[in-house]
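Open the model in your viewer and keep the sequence panel beside it. This tour tells you what to select at each stop and what you will find there.

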Amino acid sequence: PPSSDPPFCVDYETTMLPSGIYVRDLEVGTLVECWDENGENPGVVLKPLRAMEVGYERCYKVMAGDEALIIQSESTPMVLRDGRVVRTTELVGEEVLMRDSLTWARVTDLIDMGVRKVAKPNFGDAMFFAGLNSARTIATHNARFKYREP
């Protein structure tokens, strides 16, 4: 991958899965709830963790109203409802998929959290559900789009 696009994703310290497990504690092979937007019947699927990388990147707290959803890196690609792919820094005004209700929440603000330790779990071409609260996770990061040229 190009050095200007670090292959990282979610905050190492705070990011949880719907199961309550911290992303940082995952082991290769662990099955995790993911959103698969491919095919005729998009939905929640279980995908195994293929690999995990750790590094440092500028991060933002993603807000929906007064609710903090997740802290993720600026380069994180997100697939939107209409199929567009945007980075974290382009999320204000866009909608993210909530795991608890499988509904879409509008991002209202991004709070710059500075450079933080981040993890990039690899689940292939599906976004995985994660967040600051295991009961209110969002579909984040699509590995297919991580390394594409701008």
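Select Leu 91. Leaving aside residues up to four places away in sequence, Leu 91 touches Val 62, Gln 72, Met 78, Leu 80, Val 86, Val 96 and Val 107. Contact here means heavy atoms within 4.5 Å. This is a predicted model, in which local features need pLDDT of at least 70 and side-chain atom pairs count only at pLDDT 80 or more, while totals for chains, interfaces and linings use all residues. Residues are numbered from 1 along each chain as its sequence is written, and side-chain values use heavy atoms, with hydrogens and water left out.

Buried means under 20% relative accessible area, exposed over 50%, and partly exposed in between (1.4 Å probe, protein chains only). Strands are DSSP runs of E with at least two residues, numbered from the N terminus. In soluble globular proteins, nonpolar side chains tend to be buried together.

**Strand 10 and its partners**

Select strand 4 (residues 51-64) with strand 10. They pair in the antiparallel sense over 13 bridges. Two strands count as paired if DSSP finds at least two bridges between them. Zoom to Gly 55: its bridge partner in strand 10 is Val 118.

Asn 122 is partly exposed, at 21% relative accessible area. Its C-alpha atom is separated by 8.6 Å from that of Pro 48, which lies 74 residues apart along the chain.

**Salt bridges**

How many salt bridges does the structure hold? There are ten. Each is a side-chain nitrogen of Lys or Arg within 4 Å of a carboxyl oxygen of Asp or Glu.

Go back to Asp 11 and show Arg 116. Their side chains meet in a salt bridge at 2.6 Å, N to O. The pair links distant parts of the chain, 105 residues apart: Asp 11 is in strand 1 (residues 10-11) and Arg 116 in strand 10 (residues 109-122). Asp 11 counts as buried, at 1% relative accessibility.

Select Glu 95 and Arg 106. Their salt bridge is 3.6 Å, N to O. Glu 95 lies in strand 8 (residues 95-98) and Arg 106 in strand 9 (residues 103-106), so the pair ties together parts eleven residues apart in sequence. Glu 95 is partly exposed at 22%, and Arg 106 is partly exposed at 46%.

Now show Arg 136 and Asp 100, joined at 2.7 Å, N to O.

**Last stop**

Pick Leu 102, in the loop between strand 8 and strand 9. Leu 102 is not a glycine, yet has a positive phi of about 50 degrees. Leu 102 is partly exposed, at 39%.

Methods: Helix = DSSP H or I, 4+ residues; strand = E, 2+ residues; numbered from the N terminus.
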